[in-house]
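Please consult the sequence and the structure shown here while reading.

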Amino acid sequence: MSILALAAMDKLLRKSGAKRVSESAKNAMREVLEDYAEKISDKAVKLAEHGGRTTIKASDIKLAMKT
């Protein structure tokens, strides 16, 4: 099950200059972004746990993106 809306993918691609966006492009973008977000989330959870916290902070997300 997907988390991100296809409309959001369309908006992102159009914001980058696309005039038209196919359904397959929206689906591909969603798949890539959800995969990337899952990897970042996993790292952020580990960082919070390492810090003795159960709450994920913005700093965990930002640090997870750098590693």
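A patch is made of residues with over 30% relative accessible area and no salt bridge, like charges being joined within 9 Å and nonpolar side chains (Val, Leu, Ile, Met, Phe, Trp, Tyr) within 5 Å. Accessible areas come from the Shrake-Rupley method with a 1.4 Å probe, and for residues only the protein chains shown count as cover. The model is predicted: local features need pLDDT of at least 70 and side-chain atom pairs pLDDT 80 or more, whereas totals for chains, interfaces and linings use all residues. Residues are numbered from 1 along each chain as its sequence is written, and side-chain values use heavy atoms, without hydrogens and water.

On the surface, Y36, V45, I56, I61 and M65 form a nonpolar patch whose accessible area together is about 420 Å². Helix 2 and helix 3 (58-66) are the elements that give two or more residues to this patch; helices here are DSSP runs (H or I, at least four residues) numbered from the N terminus. I61, found in helix 3, counts as partly exposed because its relative accessibility is 31%. The classes are buried (under 20% relative accessible area), exposed (over 50%) and partly exposed in between, with a 1.4 Å probe and protein chains only.

Side chains of opposite charge can pair when their charged atoms come close. The structure holds 5 salt bridges, each a side-chain nitrogen of Lys or Arg within 4 Å of a carboxyl oxygen of Asp or Glu. In one of them, K26 meets E23 at 2.9 Å, N to O. These two residues are 3 apart in helix 2 and therefore separated by about one helical turn. K26 is buried at 12% relative accessibility, while E23 is partly exposed at 46%. D60 and R53 also meet in a salt bridge, at 2.9 Å from N to O; D60 is buried, with a relative accessible area of 5%, and R53 is partly exposed, with 25%. Through shared partners, salt bridges join D10, R14, E23 and K26 into one network.

What is the setting of R30, which is buried yet has no salt bridge? R30 lies in helix 2 (residues 23-50), and its nearest side chain of opposite charge, E34, is 4.9 Å away. Lys and Arg count as positive and Asp and Glu as negative, with His and the chain ends not counted. The backbone oxygen of L4 lies 3.1 Å from a polar side-chain atom of R30. Leaving aside neighbours within four places in sequence, R30 is in contact (heavy atoms within 4.5 Å) with S2, L4, L6 and M9.

Key: A polar contact is a pair of N or O atoms within 3.5 Å; within protein, one must be able to donate a hydrogen and the other to accept it, and residues adjacent in sequence count only if both atoms are side-chain atoms.
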